[in-house]
Amino acid sequence: MEYTRLGSTGLKVSRICLGMMSFGDPAKMEWTLPEEQAEPLVRRAADAGVTFFDTADVYSAGASEVVTGNLLRKIFPSREDYVLATKVYFPMGKGRNDRGLSRKHIHASIDASLRRLGTDYVDLYQIHRWDDETPIEETMEALHDVVRAGKVRYIGASTMWAWQFAKAQHVAEVNGWTRFVSMQPHYNLLYREEEREMLPLCLDQGVGVIPWSPLARGVLARAGQDAATARAGSDPRIGFLYEPDNDQLIIDRVARIAKERDLPPAQVALAWVLQQPAITAPIVGATKDRHVDDAVAAVDVRLSEEELAALTEPYRPREVRF
C-alpha cells in the first residue's frame with residue numbers, strides 16, 4: 001500500500017479509501033452487508049494497509065456508522081491508526097430540521113454520528129451536498145465550531161459546482177474559519193465532467209480529491225462480462241448516472257487492456273483513476289474479497305501512456321449529474 005498526504009495537510013491516508021456504504025442494514029438495501037459479513041472484508045483491507053475509511057450518517061439510516069465504528073475499534077489497536085470520514089446533509093428524520101447544513105442540523109448531526117461511531121472525534125467531516133436553503137456563511141461557521149470543539153479534525157465537501165466550492169472556501173478564508181481540505185466528487189472513466197473546473201481548482205488550491213464511484217457503481221468492474229450483480233439489479237442510480245450503450249466503447253477498451261495485461265477490469269479502471277494528477281485516494285466499496293484485493297492491487301498497476309490514451313480518448317461530454 002502507498003500513503004500520501006490529504007491535499008496540503010499533514011494528514012497521511014492510504015491511496016485506497018474503503019467506502020463503508022456497502023455495510024449496514026440489508027433491510028435498507030439488499031446488497032448491503034450486516035456487520036458479521038462486513039468484518040472479514042474490513043479486516044482484509046486493514047491487513048493490506050488500508051487506513052482510510054469513509055461513511056455517512058445517511059447510509060442505512062445510521063447503521064453504516066454503527067458497523068463502521070464497531071469494526072474499526074475491533075480491528076485497529078489505536079484510534080490513531082486509522083482515518084475516519086463521515087458526512088452530513090441528507091435527511092435523517094421526518095422533522096423540518098433533520099436535514100441540510102444549518103447550524104442546528106450540523107451540531108445535532110456530528111453528535112449523533114459520534115455516538116453511532118463510538119468515537120470522540122471524526123478525522124474528516126464532509127458536507128454531502130450543497131444546501132441552497134442555508135447561507136454558506138452559517139454552514140462554514142458551524143463547521144468551524146465543531147472543529148474548534150475538538151469533534152472534527154478536518155472538513156471536506158462533496159459533489160457541487162466548482163463556483164460553490166470556491167465561494168465556500170472564500171467565505172471561510174475572509175472570516176478566519178476552517179477551510180475545506182478535500183473534495184469528494186463523482187469521477188471515473190465513464191464520468192469525467194469534473195475535469196473541466198473542479199479538479200483543476202483542487203490542484204491549484206492544494207485540496208485532496210477522494211472520488212466516489214471510481215468503478216461507476218461496478219459497471220467498469222464488469223467490463224467484458226455478462227454477469228449481473230445484486231446491486232446492478234436494484235440500484236436505480238446506475239441508470240441515472242450512466243448510459244451503458246453510449247459508454248460501451250470505453251467499457252470495451254477496459255476489457256481489452258485487462259485481457260492484454262491479464263488483470264481484472266477493476267484493476268485497470270482503478271489504476272486509471274489513481275494515475276490522474278489530482279487524485280488522492282478513490283473510495284472503493286466492497287462486498288466480496290476480490291473487491292478489496294483488486295482495489296489494493298490497483299495501486300501497483302502502472303498503465304502506459306498508450307494505455308492511458310486509449311482509455312481516455314473515447315469519452316464524450318455528457319450532462320452533469322449529481
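His107 is partly exposed, with a relative accessible area of 28%, where buried means under 20% relative accessible area, exposed over 50% and partly exposed in between, for a 1.4 Å probe and protein chains only. The model is predicted, so that local features need pLDDT of at least 70 and side-chain atom pairs count only at pLDDT 80 or more, while totals for chains, interfaces and linings use all residues. Residues are numbered from 1 along each chain as its sequence is written, and side-chain values use heavy atoms, with hydrogens and water left out.

His107 is found in helix α3, helices being DSSP runs of H or I with at least four residues and strands runs of E with at least two, numbered from the N terminus. Leaving aside neighbours within four places in sequence, His107 is in contact with Ala142, Asp145 and Val146, contact meaning heavy atoms within 4.5 Å. Ala142 lies 35 residues from His107 along the chain, and the C-alpha atoms of the two are separated by 7.3 Å.

Helix α3 itself covers residues 103-117, and its 15 residues should span 21 Å at 1.5 Å a residue, which agrees with the 21 Å between its end C-alpha atoms; the expected span is 1.5 Å times one less than the number of residues. The buried residues of α3 are His105, Ile106, Ser109, Ile110, Ala112, Ser113, Leu114 and Leu117, and what covers them includes α2 (63-75), β5 (83-88), β6 (122-127), α4 and β7. After α3 comes Gly118, whose phi is positive, near 65°.

Helix α5 (residues 162-175) can be read in the same way. Its 14 residues reach 20 Å from the first C-alpha to the last, close to the 20 Å expected. Here Ala162, Gln164, Phe165, Ala168, Gln169, Val171 and Ala172 are buried, and the buried residues of α5 pack against α4 (136-148), β7 (152-158), β8 (180-184) and α6 (198-205). Gly176 follows α5 and has a positive phi, near 70°.

Two packed helices are described by the angle between their axes and the distance between the axes. Axes are lines fitted to C-alpha atoms, for helices over the stretch in contact, and angles run from 0 to 180 degrees between N-to-C directions. For α5 and α6 the angle is about 30° and the axes are 9 Å apart. The two helices are therefore roughly parallel to each other, given that angles under 35 degrees count as roughly parallel, over 145 as roughly antiparallel, 65 to 115 as roughly perpendicular and the rest as oblique. Ala162, Phe165 and Ala166 of α5 make the contact with Met198, Leu201 and Cys202 of α6.

Helix α1 (residues 35-47) packs with α2 at an angle of about 50°, with the axes 10 Å apart, which makes α1 oblique to α2. In this contact, Glu35, Ala38, Glu39, Val42, Arg43 and Ala46 of α1 meet Val67, Asn70, Leu71, Leu72, Lys74 and Ile75 of α2.

On α10 the contact is made by Ala266, Gln267, Leu270, Ala271 and Leu274, and on α11 by Asp294, Ala295, Ala297 and Ala298.
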